[in-house]
Amino acid sequence: MAVRVADQEECKNFGLADCLWHTIASKKESQSLHMKLTEKRTWLNLTHRIRAECKIIGTPSWSMPFDAFSCKYFRITVMGETIDLSRYRVPGSYETFYIPDFITVDEEQYLLRKIAETPQSKWKQLANRRLQIWGGEVTSKNVLFSQGMPSFLGSYPDIITRLRNTGAFSSSPHGAPNHVILNEYLPGQGIMPHQDGPSYYPVVATISIGSHSVFHYYKFNTQDDQTSYETGPLWPEDRDDGRIINRTPVLTVFLEPRSLVISRELMYISHLHGIEGTFQDRIFRKDKNKAPTVTDLNVDIANWEMLSGQEIKKVIEEGGILPRNVRYSLTCRDVERVLNAHQFMRR
């Protein structure tokens, strides 16, 4: 095909002195892409949309050798790739999945900058944390009054498309999230065990930004559990329609920065999830043949073998203390019933 690699001078025209990437131009498509050639010159067929600096710049059907990781200065993401979610199932769970490095370090920094630029008026202050609601408010009748989301959720780094490509939302009404809650957790802040409620299709995807956390899943006690305290201590003050929550987690997942955790079906419908409010997580591991435990609750970390960060893995595998920093979570869900402004005006 009519594909050529520009020389280094053309690359410098982008203001990229010392950049190892090159401009790749296609006469057929009349487009220029900025990519890094692979040493092995593996040929990949690009049949998906390509975004660079938040703009679609082409849909090439020709092949080229390239490294698909994003250039620091000229951001590029190959869209349309699907994920085999079964590879990321958390051991011992029903329908919980953990994907490390769902976003890159550069993308995380970009999102942190966007969050920092948000006007204070966009934040909603709760008793123990603050949050923003993206996509519109959900009414008391479980209807989403739809509003626009921040542009970066649909462009770079295109969180919505990536979540669609996991397949987790393939059976939901809109095939992708249409509602996102941005939560801010300062060190020492958490959230009590809770369920997300009937407004949403039973799947939730949460992206962690800025710091790690520990996600616990809980169950309500059965009648037998409530009359015999063998299952562990209870929270009598935490009830839902008369049901009592058992304090002992049935599953614990360690959330690394930039990771994605997905809960669906039974893990969404019949379980609760929460985060302990603590300034640090103490990890203990005595037996190398057994999973590490979070000492505060004495529960195993189910996904410890799925973690990717070397520093975190070292502490998890050997035991130690991991201080928490400011963490942001993007909690992404699909509201089944939607009402937009045009429909509202017609009523």
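Predicted model: local features only at pLDDT ≥ 70, side-chain atom pairs only at ≥ 80, totals over all residues.
The lining of the second largest cavity divides into three nonpolar, two polar and four charged residues. Rolling a probe the size of a water molecule over the atoms shows where empty space is left.

Stay with that cavity for a moment. The second largest cavity has a volume of about 40 Å³. Which residues line the second largest cavity? Val-214, Val-294 and Leu-297 are among them.

Now step back. How many cavities of 30 Å³ or more does the structure hold? There are two. The largest cavity contains about 60 Å³ of space. Its lining includes a run of residues from Tyr-185 and Leu-186 through Pro-187 and Gly-188 to Gln-189. His-212, Ser-213, Ile-275 and Thr-278 line the largest cavity too, as do Arg-324, Asn-325 and Arg-327. By class, this lining has four nonpolar, six polar and two charged residues.

Next, turn to the aromatic rings. The count comes to four aromatic pairs. Take Tyr-110 and Tyr-156 as one of them. Their ring centres are 5.0 Å apart and their planes stand at 75°, so this pair is edge-to-face; the cut-off for that label is over 60 degrees. Where do the two residues lie? Tyr-110 is in helix 2 (residues 105-116). Tyr-156 is in the loop between strand 13 (143-146) and helix 3 (159-165). The pair therefore ties together parts that are 46 residues apart in sequence. Are these tyrosines buried or exposed? Tyr-110 has 13% relative accessibility, so it counts as buried. Tyr-156 has 4%, so it counts as buried as well.

A second example is Trp-123 with Tyr-328. Here the ring centres are 6.5 Å apart and the planes are at 45°, so the pair is tilted. This pair links distant parts of the chain, 205 residues apart. Trp-123 sits in the loop between helix 2 and strand 10 (124-125). Tyr-328 belongs to strand 27 (residues 327-333). Both residues are buried.

Find Arg-285: its charged end sits over the ring of Trp-304, 4.3 Å from the ring's centre. Then find Arg-333. Its charged end sits over the ring of Tyr-200, 4.0 Å from the centre.

Methods
Residues numbered from 1 in each chain as written. Heavy atoms only, no water. 1 Å grid on protein atoms, 1.4 Å probe; cavity = no way out; pocket = protein on both sides within 12 Å on 5 of 7 lines; lining within 4 Å. Points joined across faces, edges and corners; volume = space filled by probe spheres on them. Nonpolar A, V, L, I, M, F, W, Y, C, P; charged D, E, K, R; others polar. Phe/Tyr/Trp six-rings, centres within 6.5 Å; stacked < 30°, edge-to-face > 60°. Helix = DSSP H or I, 4+ residues; strand = E, 2+ residues; numbered from the N terminus. Buried < 20%, exposed > 50% of the residue type's maximum accessible area, 1.4 Å probe, protein only. Lys NZ or Arg CZ within 6 Å of the ring centre and 35° of its normal.
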